[in-house]
Amino acid sequence: MRSRVIELVVNDEPQEFLAPPGTTLLIALRESLGLTAVKRGCAQGTCGACTCLLDGEAVMSCLVPVETVDGAEVHTLEGMAGPDGELDELQAAFLEGFATQCGFCTSGMIMAARVLLAEQPDPSREDVVRAISGNVCRCTGYESIINAILDAAERRRATGAISYTEKGA
Amino acid sequence: MALQTEQIDRSYFTTERGEDDHAVIGTPVQRADALGHVTGGTEFFEDVNPTGLLHLKMHRSERHHALLKRVDVTKALEVPGVVRVLTHEDVPANWYTILRLIGVEPNDEPVLPEDRVLYKGEQIVAVIATSEAAALDGAAAVEVEYEDLPAVFDVEEALAEGTPAIKPHGTNYFLYEGHHCRRIRFGDVDAAFEEADHVFEWRYQSSPIEHAPTEPTGCIVVPQADGRLRIHSDTQACFFTLDNAALILETPFSKLRLIGGTVGGGFGGKVDVIVEPIACIAAMATGKPVKYVYGRAEEMQVSSPRAAERVIIKDGVMADGTIVARKVTLYVDAGAYSRHSPYGTTKAAAHMPGPYTIPNVWVDAHCVYTNRTPASAMRGFGVTIADFALESQMDRIARALDMDPLQLRLKNAYRDGDMKAHRKVAEGTALIEVIQRGAQLVGHELPGEYRGLSSTDPREA
């Protein structure tokens, strides 16, 4: 089998790269496009560290063969901040709410939360718990993470700002 | 959202520092790395992606304890993409033990085994290939013929008379200055047991505990134009790695440049030196950057867990709850190799008899080798499981005497000036105050005599 040229729109920019057969979306993002916020923790869809947005849905990119999503729209943590680097509400809430420890799960957590808030601007605590149920924080910082996501939702509702999520997802 | 912090009671520190002289405690301080974490900018070792990167995967032992009769790499070399294999013959100084840096001996672990394997999953042959898939295929194609040896899986069995020694140095235990275990002798426990109103003996056993960091153990080694090797690693112990790798490579320390400090979950576990030396040898042999990272299954199977420990505690106790003697026998299952276990076992011995002042203490702490996955460091190792056993013991004594478990602890709690069993004078003790405050917070009523105790009041003779 031969490598294929794959086209994706990643963080609103068109990208084109060569993918050997069997390349996952995770490896394509990390190794072909240099977008390393998606992490490889287990490579078997159980830890959630590789979570990104694929056509607006949260997916575990380690389970997605990239050739099956040719032409898709992808969002990663790198595209989350605004044009001048201003942090998205989720990023700011994670930063200020001490919701990161080692940082390895943070990208996946924020991406899972991003989909939740796009669909549900005023989530309950249970909604948040369910939304990140596929993401492991082995430092066990879940309380701060849940609080940060609820805080981000509140910040968005308070400002009425159009989030990058709503534009992107 | 305002960050909530606990109000710190500073009154305890007035003798050491002024009441208002705490600039940081109780104040939120931003983590230095948090901005990188929320923007994706933090660089973990695997985020480095040098051109021409090769991948290293291991062929691992399928047996717990066996002689290696034949190791054949012919078929591995035929796998497309495989560029090189490494065996023990490629390792300049094959035998090491991590803590030789602080004088621990003997060097009991090979980087790659020579004539035998001591645990299931032990790495035997390194296969280096242009892709991870090819490295995995190559590792699977290595052929090994074993001759099984009797395997030992239980610490007491390992020490029993007649059990064959699995270690080249001839014993199944670590030798502490010529002794079969780390010993504490303080007072006379046997005489105290005779005088005690009650003698209680119970036994505790823990299982190995895997840290399971979300980021697996690994490294990327990049040869530099000046002949040095740049090592990107997720080790928690950069200098253990740098020094041990240099000794294994028989190269000056200055030839290695270690880039670390960003750890995707360590929990005290990423302190062994396993992946870096062999990845360095691979990089030197090929002249290319090499990555060696555990898959999730490897992380679970072969990264060192917290040791399984067996603790037997025998206490002599007076009717009023005063503990007059404590005899502890501890077996730490180091698994196949020393790694950090000799140190952890010493720490466990020094920790006995817990934060209590007991006039007669006897401890035998055994660091035992078995054919299990080598154990090593994890948060508070040596102390954590000992505390599980000690505090379970305290609860059981309290129940047996029909006594409040907090009062039992307060009665026996160490105080400033007490001599500990390992001949250190206790200072800065705070167990009494912590229990008093804890009791207050949960509404647990303590009688006045216990509320009035203080860590700084000398114990009545």
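What share of the contacts in chain B with a separation of 6 or more comes from residues 24 or more positions apart? The share is 78%, where two residues are in contact if their C-beta atoms, placed from the backbone, lie within 7 Å.

This is a predicted model, in which local features need pLDDT of at least 70, side-chain atom pairs count only at pLDDT 80 or more, and totals for chains, interfaces and linings use all residues. Residues are numbered from 1 along each chain as its sequence is written, while chains are lettered from A and ligands numbered from 1 in the order in which they are written.

**Figure 1. Chain B as a whole.** Chain B has 13 helices and 17 strands; helices (H or I, at least four residues) and strands (E, at least two) are DSSP runs, numbered from the N terminus. Its C-alpha trace spans about 80 × 65 × 35 Å along the principal axes. Of the 461 residues in chain B, 44% are buried, meaning that 20 or more other C-beta atoms, placed from the backbone, lie within 10 Å of the residue's own.

**Figure 2. The open sheet of 7 strands in chain B.** The strand order is β3-β7-β1-β14-β11-β12-β13, with mixed pairing; two strands pair if DSSP finds at least two bridges between them. At the edges stand β3 (82–86) and β13 (256–259) of chain B, each with a single partner strand, so one side of each has no neighbour in the sheet. From one strand to the next the twist averages 25°. Angles run from 0 to 180 degrees between N-to-C directions, and axes are lines fitted to C-alpha atoms, for helices over the stretch in contact.

**Figure 3. Strands β1 and β7 of chain B, with helix α3.** β1 (residues 54–60) and β7 (residues 123–129) of chain B are antiparallel and share 6 bridges. Arg60(B) has Gln123(B) in β7(B) as its bridge partner. Helix α3 (residues 132–141) of chain B packs on the sheet and touches β1, β3 and β7 of chain B, its direction making about 25° with that of β1(B).

**Figure 4. Helix α6 of chain B.** This helix (residues 238–249) lies across β12 (229–233) and β13 of chain B, and runs at about 155° to β13(B).

**Figure 5. Strand β2 of chain B and its antiparallel partners β6 and β8.** Strand β2 (residues 66–72) of chain B is joined to β6 (residues 116–117) of chain B by 2 bridges, and Leu67(B) stands opposite Arg116(B) in β6(B). With β8 (residues 143–148) of chain B, β2(B) has 6 bridges; Asp72(B) is the bridge partner of Glu143(B) in β8(B).

Note on methods. A residue is buried if 20 or more other C-beta atoms lie within 10 Å of its own, exposed if 12 or fewer, and partly exposed in between; C-beta atoms are placed from the backbone.
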